[in-house]
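Opening the notebook on a new structure. I'll start with one chain on its own, then go on to what touches what.

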Amino acid sequence: MIRTLRRHAWVTGLIVLLVLLFVVTKLIQPGYGAADFVSLTRAVLPYAFAVAAQTVVVIAGGIDLSVASMMALTSVTAAVMMAGTSEEYALLVVPFVLLLGFGLGALNGILIVVSRVPDIVVTLATLFMLQGAALLVLNAPGGGAAEWLKALVIGPVPIPFLPDAVDAYLPRALLLLVICLAVVWIPLKRSRIGLSLYAIGSSELAAFRSGVPVARTKILAYALSGLFGAMGGLSLTMSTGIGAPIPGPYLLASVAAVVLGGVTLGGGRGGLLGPIVAVFVLRLVRTDLTLLAVDPNVTTIIEGVIMVIVVMLGAFLAMREKRS
Amino acid sequence: MTRTMRATRIGLLAGAALVLSAAGALAQGTYTIGISNTVQGNGWREEMICAMKAQALASGKVAKLNIAHRNTDAAGQSEDIRNLISAGVNAIVVNPADPSGINAALKEATDKGIVVIAVDQAVTEPSAYIISNNQEEYAYLGAKWLFQQMGGKGDVVYMRGAAGASADSDRDKGFKKALAEFPDVKVAQEVFTGWQQDQGKQQILDFIATGTPFNGIWTSGIDNVIVDALVESGATMVPVVGADNAGFVGQLNNVQGFTGAAVTNPGSIGAAGVKLAVDILDGKKPEQKVVLVEPQLWENATEEGKAKLKAAADPSLSPEWPVSIMIPGWTDYTKEQIVACKGPGE
């Protein structure tokens with residue numbers, strides 16, 4: 001037990017921080033309860049998918065600047081396809097949009113592998129391309145979403161045999177998030193491909209000399225990033241009922257949560273749980289700042305300061321651990 | 001591990017204590033009003049926020065304003081609205097990022113008995129009240145005057161607001177209505193300024209550089225930089241229609257050989273939203289759920305218009321602030337209060 005905690009010190013620390021933040025929130029607003037927790041998870045949803053998309057690529061030693069544009073494009077595509085159509089039709093739209101994200105992500109990877117242009121340049125270019133494409137699909141916010149899709153993120157999950165007071169704390173949005181991430185991430189991490197992802201992130205050359213198919217793995221990393229991005233886009237359409245072609249603030253938020261989540265920007269280290277917990281921390285900080293009615297012009301400064309402090313503290317403790 | 005815990009705990013508690021003490025004591029009044037706005041760093045929106053603060057203070061009935069004011073999308077605004085619900089506010093005044101994208105969050109608020117008022121732009125959620133400037137009339141009034149100035153023919157540059165904003169689509173209706181009345185007027189160029197000064201100026205400079213002739217410019221409120229661009233590039237002065245921003249009104253009064261018109265679009269509509277919220281909380285519900293404030297047009301082509309402009313000009317205001325800082329019947333504060341931009345308890 002102690003050993004597992006030690007191995008996952010960063011994530012454990014983040015979870016402790018999150019719990020403490022919940023305590024602080026409860027102190028600020030004694031009425032903070034289940035309904036508010038449900039609201040929090042709904043706010044977390046698009047950010048969580050954005051950060052998942054970023055995490056996969058960063059672990060593999062890259063960076064994906066097109067995350068937010070990918071979400072915008074997949075969101076408007078879904079919203080346009082679902083506008084004025086039947087509820088059943090959405091059953092086709094969802095896999096199509098996920099495939100679209102996967103394909104466009106793979107395209108990112110192929111461009112990087114074939115052209116040998118650095119990741120940051122290629123994905124910067126695709127950022128603009130996808131943004132333009134999103135505006136072509138829908139030049140102003142609009143479209144629609146199936147009712148059952150919207151209902152997927154509203155309210156708690158009703159569990160039989162459990163008192164309402166307990167299952168009120170299990171939001172549908174959280175369940176959706178856990179399922180979507182687990183279905184992709186757990187089998188991946190346990191497979192040879194998962195190991196390859198970490199290997200090329202640690203050292204591309206060493207991985208290549210050990211017989212890891214570097215190009216294929218990299219393309220897959222970007223394709224998965226696209227897939228998570230598409231999930232994020234769908235979650236935006238689900239929570240707003242529309243598609244918006246102008247990308248939201250998800251790119252920088254995803255990088256921030258990756259760093260806060262203990263994933264090394266150089267690649268090869270970290271997991272998915274840390275960044276996801278980090279998203280919760282960042283959103284809850286935003287909630288607390290609103291609850292406290294802090295001057296809105298100061299909130300972003302506070303958010304930034306908290307992030308720097310946590311990351312510096314973590315690095316400092318890690319250094320001391322190594323020395324002792 | 002324990003070290004991490006201890007250190008983060010101490011840091012966190014210290015931070016929380018600091019923030020709590022900074023929140024400070026509260027002033028008179030009993031209501032808490034939440035405000036949600038999604039465009040930061042825009043003169044019009046800043047005036048709206050200041051008007052809301054001033055009105056809350058002047059009403060004497062608001063204990064605290066809880067302002068969520070940042071650049072974000074509909075999903076982010078829904079998050080802000082839900083946070084305001086968690087904060088236990090009595091009313092929420094919102095300038096919506098999208099007419100339907102935040103409906104779910106607004107519905108959650110009204111279900112909890114919170115009074116929701118959309119200002120400036122409409123929302124489709126039926127449980128919300130709407131108090132807005134009449135945007136269709138705003139565009140129609142200005143465009144019609146412009147086309148008359150152009151002699152009913154020629155090419156007009158159509159500089160819109162932000163794509164998808166409901167104020168922009170309503171204004172587009174008004175503009176198209178005026179256009180239909182003048183069949184010989186053609187749109188030479190249509191762009192979205194995003195209501196950003198720098199972007200609008202760049203766009204008009206790019207257009208002037210193409211050498212395409214034009215006879216008039218209609219702007220959606222990004223106006224004084226357009227006149228600046230015309231003056232700086234030495235282009236022929238054509239009539240320009242803008243909003244009643246202090247800088248533009250000053251130009252209408254002072255720039256030689258320049259004809260134009262300002263259509264009022266008071267940012268103080270935010271204060272009207274706060275007043276309506278307080279009235280409803282006091283039990284005074286309005287007869288209709290939608291209240292529209294009608295715009296006025298001030299032009300410098302006639303003596304009568306010039307007199308109006310002279311009276312309206314206020315060089316002491318920030319050039320991006322609309323000069324109509326008050327709306328008769330809807331605002332109770334003084335000019336000092338809105339310029340000071342302080343809410344209750346600040």
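Predicted model: local features only at pLDDT ≥ 70, side-chain atom pairs only at ≥ 80, totals over all residues.

Residues are numbered from 1 along each chain as its sequence is written, and chains are lettered from A in the order in which they are written.

**Chain B, overall.** I get a C-alpha trace that spans about 75 × 55 × 35 Å along its principal axes. I find 12 helices and 12 strands in chain B; these are DSSP runs numbered from the N terminus, helices being H or I with at least four residues and strands E with at least two. Of its 346 residues, 55% count as buried, that is, with 20 or more other C-beta atoms within 10 Å of their own, C-beta atoms being placed from the backbone.

**Chain B, domains.** The assignment, automatic or from a database, gives domain 1 (25-133 + 267-293 + 327-340) and domain 2 (135-263). I note that their C-alpha centres lie 30 Å apart. Their contact takes 10 residues from domain 1 and 9 residues from domain 2, where contact needs C-beta atoms, placed from the backbone, within 7 Å. On the domain 1 side, helix H2 (43-59) and strand E5 (129-133) of chain B are the elements that give two or more residues.

**Chain A against chain B.** I count 37 residues from chain A and 39 residues from chain B in this contact. H2(A) brings the largest share of the chain A side, 7 residues.

**Two helices in chain A.** How do H3(A) and H12(A) cross, and within what distance do their axes come? The axes come within 7 Å and cross at roughly 170 degrees; they are lines fitted to C-alpha atoms over the stretch in contact, with angles from 0 to 180 degrees between N-to-C directions. The two helices are therefore roughly antiparallel to each other, the word for angles over 145 degrees. Among the residues that meet, I picked out Phe49(A) in H3(A) and Phe228(A) in H12(A).

Notes
Contact = placed C-beta atoms within 7 Å. Parallel < 35°, antiparallel > 145°, perpendicular 65-115°, else oblique. Buried ≥ 20, exposed ≤ 12 C-beta atoms within 10 Å, placed from the backbone.
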